[in-house]
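Subject: Structure handed over, with notes

Dear colleague,

Please find the structure below, followed by my notes on what was found in it.

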Amino acid sequence: MSPPWWVLVVDDDADVNALIVEMLRDEGFAAHGLTQARAAMALLDSASPPGFIIADMTMPDIDGADLVGRAARQGIQGMLITAADPRRLPSLQPAPIMRKPFEVDELIQVVSRHRPAPPTPSAASAPPGAIACTA
C-alpha cells in the first residue's frame with residue numbers, strides 16, 4: 001500500500017504559508033506547511049513524502065527551484081510561487097510558476113490536476129457474494 005497523498009507548502013513567510021495551507025484544506029486536500037526549505041528537503045526522503053509540493057521561488061539557504069527540482073527527481077510533482085514577474089525569470093524552471101497574489105481557484109485547479117484519482121473498488125476486492133457494479 002502506498003503512503004497517503006498530501007501537499008507540502010514551503011514558503012518562508014509564515015503568514016503566506018498558513019494561508020495557502022488553509023486554502024488547500026478548505027478544498028479537501030491534506031496539506032502541511034513548512035517555512036524552512038532544509039526541513040522540506042528532509043521530508044522528501046522520509047517514509048511519507050508529499051505527493052505534491054508548492055514552493056516559494058525565493059527563500060534563504062535553498063531556493064524553491066532547487067527544492068522542486070529535487071522533488072521532481074524523486075517522482076514528486078510540484079509548482080513554484082513567486083511575487084516576481086515570471087516573464088523575467090529564467091525559462092528553464094523545473095515546474096510551473098504561479099505569480100503571487102493568485103486566485104484560490106487557480107491554485108486549486110493546478111493541485112487538483114496532480115492529485116491521483118481515488119482507487120475504484122474492483123470485483124477482486126469485493127467480499128464473497130458481493131456484486132460489483134460498474135455503472
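Does Trp-5 count as buried, partly exposed or exposed? At a relative accessibility of 21%, Trp-5 counts as partly exposed, where buried means under 20% relative accessible area, exposed over 50% and partly exposed in between, with a 1.4 Å probe and protein chains only. Please keep in mind that this is a predicted model, in which local features need pLDDT of at least 70 and side-chain atom pairs count only at pLDDT 80 or more, while totals for chains, interfaces and linings use all residues. Residues are numbered from 1 along each chain as its sequence is written, and side-chain values use heavy atoms, with hydrogens and water left out.

For the chain as a whole, the secondary structure comes to four helices and five strands, and the order of the elements from the N terminus on is β-α-β-α-β-α-β-β-α; helices (H or I, at least four residues) and strands (E, at least two) are DSSP runs, numbered from the N terminus. The chain has 135 residues, of which 36% count as buried. With contact meaning heavy atoms within 4.5 Å, residues 24 or more positions apart account for 61% of the contacts in the chain that have a separation of 6 or more.

To return to the aromatic side chains, rings of Phe, Tyr and Trp (its six-membered ring) pair if their centres lie within 6.5 Å, and planes under 30 degrees apart count as stacked, over 60 as edge-to-face and the rest as tilted. By this rule the count comes to one aromatic pair. Trp-5 and Phe-29 form this pair, which is tilted, with 6.3 Å centre to centre and 50° between the planes. The pair links distant parts of the chain, since Trp-5 belongs to the segment before strand 1 (7-10) and Phe-29 to the loop between helix 1 (14-26) and strand 2 (31-34), 24 residues apart. Phe-29 is buried, with a relative accessible area of 4%.

Next comes the helix packing. Helix 1 and helix 4 (residues 104-114) pack at an angle of about 65° with their axes 11 Å apart, the axes being lines fitted to C-alpha atoms, for helices over the stretch in contact, and the angles running from 0 to 180 degrees between N-to-C directions. The contact is made by Ile-20, Met-23 and Leu-24 of helix 1 together with Val-104, Leu-107, Ile-108 and Val-111 of helix 4. Also in helix 4 is Ser-112, which counts as partly exposed at 32% relative accessibility; its C-alpha atom is separated by 9.8 Å from that of Glu-27, 85 residues apart along the chain.

Asp-56 lies in strand 3 (residues 52-56) and, at 7% relative accessibility, counts as buried. Leaving aside its neighbours within four places in sequence, Asp-56 is in contact with Val-10, Asp-11, Asp-12, Asp-63, Gly-64, Ile-81, Thr-82 and Lys-100. Lys-100 is in turn joined to Pro-101 by a cis peptide bond, with omega about -10°, and Pro-101 is placed in the loop between strand 5 (97-99) and helix 4.

One further backbone detail concerns Asp-61, which has a positive phi of about 70° although it is not a glycine. Asp-61 lies in the loop between strand 3 and helix 3 (64-73), and at 61% relative accessibility Asp-61 counts as exposed.
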